[in-house]
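Me: Here is a model whose helix packing I would like to go through. Please take my questions one at a time.

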Amino acid sequence: MWSPTFQFTCSFAAKKEVSLTLLASQAAATLPHASSSSFIAGCLYHLKHDLQPAVHYYTRVLTLHPQHELAWSLMGQLSMETAQTVQALKAFQRAAAINPRSSTHFYHIGLVYELMAAPSSSVFYYQKAVELR
């Protein structure tokens, strides 16, 4: 069964920039103020490594939908890419608060603590991620 969400997921996973560009323009034309349109645009810019527009669109998603777990996680990854470890940590912590059963969020928190040279905290969160797997 086809759905825009399924198409987005497949395109993003395969890093199909052309497909994502088409989907983003369709979403923006159909629902320009919807958080889903902003999310798709943010992911497209993130995939292109055009980080400022990605931050803009992720921030818009989180303003409209503060419980958007994946947007928080991607904002954390984006913050790590720009060496903003404190912001990355906060974003991953928000994602983990929204979904405390996701090992991925705790793994990323551990990774940020490792980058911050906090080994005991890093190990704690890595162990938590392993327990959840």
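Me: Which residues of α3 are buried?
Reply: This is a predicted model, in which local features need pLDDT of at least 70 and side-chain atom pairs count only at pLDDT 80 or more, while totals for chains, interfaces and linings use all residues. Residues are numbered from 1 along each chain as its sequence is written, and side-chain values use heavy atoms, with hydrogens and water left out. Buried means under 20% relative accessible area, exposed over 50% and partly exposed in between (1.4 Å probe, protein chains only). In α3 the buried residues are Ser-37, Ser-38, Phe-39, Ile-40, Ala-41, Gly-42, Cys-43, Leu-44, His-46 and Leu-47.

Me: How many of the 13 residues of α3 are buried?
Reply: Helices are DSSP runs (H or I, at least four residues), numbered from the N terminus. α3 is largely enclosed by the rest of the structure, because the buried count among its 13 residues is ten.

Me: At what angle do α3 and α5 pack?
Reply: Axes are lines fitted to C-alpha atoms, for helices over the stretch in contact, and angles run from 0 to 180 degrees between N-to-C directions. The axes of α3 (residues 35–47) and α5 (residues 69–81) lie 12 Å apart, and the angle is about 25°. That makes α3 and α5 roughly parallel (under 35 degrees; over 145 is roughly antiparallel, 65 to 115 roughly perpendicular and the rest oblique).

Me: Which residues of α3 make the contact with α5?
Reply: Contact means heavy atoms within 4.5 Å. On α5 the residues are Leu-70, Ala-71, Leu-74, Gln-77, Leu-78 and Glu-81. On α3 they are Phe-39, Cys-43 and His-46.

Me: Where do the axes of α5 and α7 stand in distance?
Reply: α7 spans residues 103–115, and its axis crosses that of α5 at roughly 20°. α5 is thus roughly parallel to α7. Their axes come within 11 Å.

Me: Which residues of α5 make the contact with α7?
Reply: α7 contributes His-105, His-108, Leu-111, Val-112 and Leu-115. α5 contributes Glu-69, Ser-73, Gln-77 and Met-80.

Me: Are α6 and α7 roughly parallel or roughly antiparallel?
Reply: The axes of α6 (residues 85–98) and α7 come within 9 Å and cross at roughly 160°. α6 and α7 are therefore roughly antiparallel.

Me: Which residues in α7 meet α6?
Reply: From α6 come Thr-85, Ala-88, Leu-89, Phe-92, Gln-93, Ala-95 and Ala-96. In α7 the residues are His-105, Phe-106, His-108, Ile-109, Val-112, Tyr-113 and Leu-115.

Definitions and conventions
Helix = DSSP H or I, 4+ residues; strand = E, 2+ residues; numbered from the N terminus.
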